[in-house]
Amino acid sequence: MGEHATRLVVGVGGRAGVSVAEVCALVEETLREAGLAVGAVTALATVESKAAEAGLAGAAERFGVPLLGYAADELAALAVPHPSTAARAATGTPSVAEAAALATGGELLVPKRRSAAATCAVATAPAHDLRHHGDAEVRDADPALVDLAVNVRAHTPPDWLTARIAASLGDLAAYPDGRAARAAVAARHGLPVDRVLLTAGAAEAFVLIARALGAVRPVVVHPQFTEPEAALRDAGHRVERVVLRPGDGFRLDPAAVPDDADLVVVGNPTNPTSVLHPAGALAALARPGRILVVDEAFMDAVPGEREALAGRRDLPGLVVLRSLTKTWGLAGLRIGYVLAEPEVIARLAAAQPLWPVSTPALVAAEACVAPAALAEAERAAERVARDREHLLAGLAEFEEVTVAGVAEGPFVLIRVADGAGVRARLRALGFAVRRGDTFPGLDDAWLRLAVRDRATTGRLLQALDRALTAGAGRHP
């Protein structure tokens with residue numbers, strides 16, 4: 001599908017014993033008559049009481065998409081164009097297909113269609129492409145293109161780290177043993193080993209959380225890294241969003257999070273806004289019966305790691321995620337870790353496959369949390385902070401550019417009219433920047449810029465001036 005292709009959710013219902021073939025035939029016929037592609041379907045959805053029906057589950061499997069199940073009272077609260085008293089009596093909701101299609105928050109494209117034993121309806125999926133990441137901006141690009149779309153620190157990994165990883169290749173015949181790396185991470189944060197889980201990057205941790213912790217009302221604070229919501233949706237959860245506003249500097253008010261949310265996910269500092277939330281504001285979200293996930297993937301890029309919660313043991317349900325891929329340039333190696341209560345760590349570990357982290361990644365983890373490496377990371381964070389201030393000073397010279405909030409991370413979020421056009425013109429001038437419209441709460445006027453050295457920033461600012469001038473139809 002293209003960048004702006006419509007993504008679909010198909011609501012389905014069926015009588016007991018409905019066949020996979022009948023459900024698939026109805027869905028395919030409905031899509032074909034509406035001029036919609038089967039390949040655009042991202043999920044089937046139904047009421048919880050029907051989610052175990054073999055015909056519906058089998059249809060989802062055949063289409064290669066998840067089957068989302070929603071509580072009957074949740075679906076009953078949604079207005080549908082074709083309610084049925086018979087459906088309400090049988091399932092608790094007036095239209096399983098229409099309500100389930102609408103439950104993800106999209107718009108109904110095709111109302112309820114029937115076959116002998118099945119029903120379906122089609123709605124748009126959530127508008128934002130949650131699977132789009134910055135690497136897509138530079139994949140297969142000209143090597144001369146300057147990458148400001150990916151937040152991995154430039155000129156990494158350092159030679160000493162590459163050498164340590166290379167030395168581990170002689171041990172590849174043996175199965176990975178994570179004990180030393182796990183102990184090193186625990187020591188780095190002053191925690192017992194049973195509070196640490198090593199993962200194949202933070203992305204694996206989001207999948208484990210979505211699948212293993214049994215959330216009933218998960219809430220994701222946006223704009224932020226989209227992988228947590230994507231993982232939750234893939235696991236069959238209906239995700240609620242708390243969307244922070246530009247007018248508030250994208251800062252979090254804990255009162256905006258529903259009291260009965262039993263899983264809350266927030267980034268700190270947040271990607272893409274670069275906002276660093278006060279530790280006290282995040283701590284206020286912790287409570288018994290709730291899992292509070294704080295994504296600190298970029299915290300080691302903040303001098304002194306101000307506002308970090310890693311290492312805290314006094315907050316119930318706290319889960320902190322860290323990534324070693326950003327500061328150390330190890331995105332291709334996949335290494336990160338989770339810090340949480342032992343019971344939570346055990347549940348997440350039980351959902352992992354055997355040997356999830358490779359020997360080279362384990363060696364890298366142990367090396368990157370050593371005292372000398374932490375000191376190097378702190379120096380890098382201080383350098384990034386100086387380079388960010390240089391970038392912000394340059395951006396302040398453009399009346400057309402608005403910077404989001406107070407940037408504290410290794411990237412800056414800006415708003416500019418005709419953001420999509422500016423992004424395209426910057427690319428033609430040799431700079432790849434991250435589009436913002438795939439983040440819930442943002443549109444295509446937003447662009448994320450990775451912080452780079454002063455020389456690179458100087459060239460970027462010149463290119464931005466040309467891109468803005470060209471867009472305004474003026475001669476430079």
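## Aromatic pairs

The structure holds 5 aromatic pairs, a pair being two rings of Phe, Tyr or Trp (its six-membered ring) whose centres lie within 6.5 Å, with planes under 30 degrees apart counted as stacked, over 60 as edge-to-face and the rest as tilted.

Phe250 and Trp446 form another edge-to-face pair, 5.6 Å centre to centre with 70° between the planes. Because Phe250 lies in the loop between strand S9 (240-243) and strand S10 (263-267) and Trp446 in strand S17 (residues 446-450), the pair ties together parts that are 196 residues apart in sequence. Phe250 and Trp446 are both buried, that is, under 20% relative accessible area, as computed with a 1.4 Å probe on protein chains only.

## A charge over a ring

The charged end of Arg448 sits over the ring of Phe411, 5.8 Å from its centre, where the criterion is CZ of Arg (or NZ of Lys) within 6 Å of the ring centre and within 35 degrees of the ring normal.

## Basis of the values

This is a predicted model, in which local features need pLDDT of at least 70 and side-chain atom pairs count only at pLDDT 80 or more, whereas totals for chains, interfaces and linings use all residues. Residues are numbered from 1 along each chain as its sequence is written, and side-chain values use heavy atoms, with hydrogens and water left out.

Key
Helix = DSSP H or I, 4+ residues; strand = E, 2+ residues; numbered from the N terminus. Buried < 20%, exposed > 50% of the residue type's maximum accessible area, 1.4 Å probe, protein only.
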